[in-house]
Amino acid sequence: MKAVVIEQYGGKDQLTEKEVPTPEINQEQVLIEIHSTSINPIDWKVREGYLKEMLDWNFPIILGWDVAGTIKEVGDHVEGYQVGDRVFARPATTPNGTYAEYVAVEQDLLAHMPERLSFEDAAAVPLAGLTAWQCLFDAANVEEGDKVLIHAGSGGVGSYAIQLAKWAGAYVATTASEKNGELVKALGADHFINYKEENFYDVLDEFDVVLDTLGGEIQEQSYQVLRKGGKLVSITDVPDEDQAKEYGVEAEHVFLNPKGEQLQQIAHLISEGKVKSIVGHKYPFSKEGLQDAHELSESHHAKGKIIIQMKPSAC
């Protein structure tokens, strides 16, 4: 099968096309023909070698950990799925990712796609949607009436987090650039902060939860807006425990744990019109397409999700 791989760590030019064997599935897996995948920061962080101590893999490495497609083969112990089903998933973190024509996925990571959802919109969901879900509900226990600040609300995780927090009944503030102000308000944000014109910590206080998608200085400043006993949840830098204690708050770093059951819950919300994907950019499945997509993701200025179309019309 065709895949885009890296043979060594480095810049985007390390992404190259290669013919590799089609995966063989075990009894607990299905083989998915990929219609669309998406780009996430973990993709280029692995490519650069930032995670090589955590992920000790041999080359070649196929990046990519989002998939939407159709089942082509079903393992003997798989139940509830059959050949031809439209599915999506955040596959396990292995060196055999989704920049390829096929991928093997464990059944407990799978979810059925909503009927009228395109493959592009479906591929945008798993990693970012599950990350938002686990940050808000597993880590922060967001409930009705909570005040939640979501940094970078127009980004991949942020766009889902706004919608999920609003579905839970929270009051949501978010930071974004002026050009994305209308987008985040349309997603449900109650308070939009143009980060180029005002400091969020000057206009917000007594918040229950902060979802930090940026890290660094933004994370340090975020403690100021939390109430005593509030919680900061980060998907970037690991929070400083001493700093959290100084402010009288809790802080936690979340690394996604893929779960098909949670993804199916998000699928139900999509079917009900409570959650939608924001696909801001689409690229073809090629060496050049992946390189351009990585460059955009690394700029931190992508709107919503960046999609890779494996087929001319992934619908």
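Predicted model: local features only at pLDDT ≥ 70, side-chain atom pairs only at ≥ 80, totals over all residues.

Trainee: OK. How many helices and strands does the protein have?

Mentor: There are 10 helices and 16 strands.

Trainee: And what's the radius of gyration next to that of a compact globule?

Mentor: The protein comes out at 19 Å, which agrees with the value near 20 Å that a compact globule of 315 residues would have. Along the principal axes, the C-alpha atoms fill a box of roughly 55 × 40 × 35 Å.

Trainee: What share of residues is buried?

Mentor: 56% of the 315 residues count as buried. As for the contacts between residues at least 6 apart in sequence, 66% join residues at least 24 apart.

Trainee: Switching to charges: how many positive and negative side chains are there?

Mentor: The protein carries 27 positive and 51 negative ones, and the centres of the two sets are 5 Å apart.

Trainee: Now H4. Where is it, and how far does it reach?

Mentor: H4 covers residues 156-167 and spans 17 Å from first C-alpha to last, close to the expected 16 Å.

Trainee: Why is H4 described as largely enclosed?

Mentor: Because 10 of its 12 residues are buried, with the rest of the structure around it. Among the buried ones are Val157, Tyr160, Ile162 and Leu164.

Technical notes. Residues numbered from 1 in each chain as written. Heavy atoms only, no water. Helix = DSSP H or I, 4+ residues; strand = E, 2+ residues; numbered from the N terminus. Rg over C-alpha atoms; globule rule 2.2 N^0.38 Å. Buried < 20%, exposed > 50% of the residue type's maximum accessible area, 1.4 Å probe, protein only. Contact = heavy atoms within 4.5 Å. Lys, Arg positive; Asp, Glu negative; His and termini not counted. Charge placed at Lys NZ, Arg CZ, Asp CG, Glu CD. Expected span 1.5 Å × (residues − 1).
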